[in-house]
Amino acid sequence: MTEAKRYAVQSITTFVEQLFEKAGADAEVAKVVTQVLLEGELLGHRTHGLNLVSRYIGGILAGQVKAQAQLLEQVSDSGISSLFDGHYLLGPYCVSRALDRAAEGAAAQGIGIAVVRRAAHIGCLAAYLKPYTDRGLVALVYSSDPSVGLVCAHGGVDPIYTPNPIAAGIPTRGEPILLDVSMSSVTLGLVGQCRDTGSKLPHPVLMSNQGQLSDDPQDFFSSPQGSILPLGGQAFGHKGFALAILVEALTSGLAGHGRKDGPQQWGASATAVVIDPRFFGGLQAFTDETSFLGQLILASRPLDPERPVRLPGQAGLRLRRQALEQGVSLAPTLVDDLNQLARQLQLKALAQ
C-alpha cells in the first residue's frame with residue numbers, strides 16, 4: 001500500500017485555489033472556499049476537508065453550484081441581524097461572509113447574528129471557528145438542509161430532518177475549545193463508510209423502514225429509506241430530537257425558506273452567531289473561567305489511564321499544528337482524485 005505523503009500547506013493552498021478558479025470560481029470565492037476546506041483537513045475532518053474539492057468542482061461544472069461572490073444576496077441588515085440568500089453559491093463562502101457580518105455586529109453591540117438560506121454544501125463547521133476565537137470572540141454555527149430527511153423523530157420511523165450540527169468556538173487563555181456535534185447518533189458519512197466496507201455500525205443506531213433497530217447500514221440504504229436515530233439513541237433520543245427541532249427553527253425558520261417550500265436541490269440553511277465577551281463580564285473574566293473549567297476537565301481521572309480526558313477540538317488542533325510544521329498528510333487516493341481534476345482542467349498536477 002502506498003503511504004500518505006506530506007505537502008506544504010501553502011503549496012496545497014495554491015493548487016486548490018487554481019482548481020477552483022479554472023473551474024469558474026472568482027478569486028475571492030476560490031480563496032475562501034479553499035481556506036475552509038483545508039482547515040477541515042488540518043483539523044482531521046477528512047470527509048469534510050479536501051475530499052470535497054471534487055464534489056464542489058463537479059457541482060460548478062454541472063451548473064448546479066454557483067461560484068461568483070456577487071451572487072450572494074444580502075436580503076436584510078439591521079446592523080446586528082442579517083439575512084443572506086446564497087442562490088446555491090459555494091457554501092463555505094456564504095457561511096464565511098455570514099460570520100464576518102455577525103462579527104461586525106458583535107464588535108458594535110456585543111452580539112451579531114447572520115442567517116443564510118440556499119447555500120450549497122458548507123463543509124466542516126469546526127473549520128470556521130478559530131479565526132474568531134483568535135480574536136477573543138465566541139462563534140456559533142448551526143446548519144440544516146430542508147431538502148433532505150435522514151433522521152427520524154424520537155419514537156418515529158420515517159426520516160424527517162438532517163443531522164443538524166451545532167458548532168461553537170470558545171476562547172480560553174490558551175488554545176480554543178472547538179466543538180462540532182450533530183444532533184443524530186451517527187453521521188451519514190459513517191453509515192456510508194460501513195456500507196462500503198461491508199461492516200456493521202458499532203451500535204444499533206439505525207431504524208429500518210419496518211421500525212426495527214439495526215446496526216446494518218443496508219437497513220438505511222433501503223427502499224423506502226431507513227433512518228438514523230436522533231442523538232441519544234433509542235433510550236435518550238428525545239434530547240437530540242428536541243435540539244434538532246431548535247436547529248431547524250434557528251436555521252430554516254429564521255431564513256424564511258425550509259421544508260414547507262419543498263426544495264428539490266441540496267441547499268443548506270445556516271445561522272452564524274458571534275458574541276464579544278468584552279460587552280458582558282469582560283474578555284479576561286471570560287477566558288479565566290473557560291480556562292479554569294478546561295483545567296478541571298483535563299485534570300479529572302480517566303477511566304482508562306492510557307486515554308486521558310481531553311477537551312473538544314484538542315486532538316484536531318494537535319493535528320493542525322503538526323500539519324503546519326511538517327506539511328499536511330494526504331492519502332494517495334485523494335492526491336489521485338485532485339490530479340485527475342487538474343488534468344481535466346488542464347492544470348499542472350501535484351507531485352506524487
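Is H121 buried or exposed? H121 counts as buried, at 12% relative accessibility (buried means under 20% relative accessible area, with a 1.4 Å probe and protein chains only). This is a predicted model, where local features need pLDDT of at least 70 and side-chain atom pairs pLDDT 80 or more, while totals for chains, interfaces and linings use all residues. Residues are numbered from 1 along each chain, and side-chain values use heavy atoms, without hydrogens or water.

**H121**
- H121 sits in the loop between strand 4 (111-119) and helix 5 (130-133).
- Beyond four places in sequence, H121 contacts H48, L52, R55, Y56, G91, P92 and W266 (contact: heavy atoms within 4.5 Å).
- R55 lies 66 residues from H121 in sequence, yet their C-alpha atoms are 9.5 Å apart.

**Largest pocket**
- The lining of the largest pocket comprises 18 nonpolar, 20 polar and eight charged residues.
- Helix 6 gives the most to this lining, with seven residues (helices are DSSP runs of H or I, at least four residues; strands are runs of E, at least two).
- Other elements that each supply at least two lining residues include strand 5 (138-144) and helix 10 (332-344).

**Helix 2 and helix 4**
- E28, V29, V32, V33 and V36 in helix 2 meet P92, Y93, S96 and R97 in helix 4.
- By class, this contact has six nonpolar, one polar and two charged residues (nonpolar: Ala, Val, Leu, Ile, Met, Phe, Trp, Tyr, Cys and Pro; charged: Asp, Glu, Lys and Arg; polar: the others, Gly among them).

Methods: Buried < 20%, exposed > 50% of the residue type's maximum accessible area, 1.4 Å probe, protein only.
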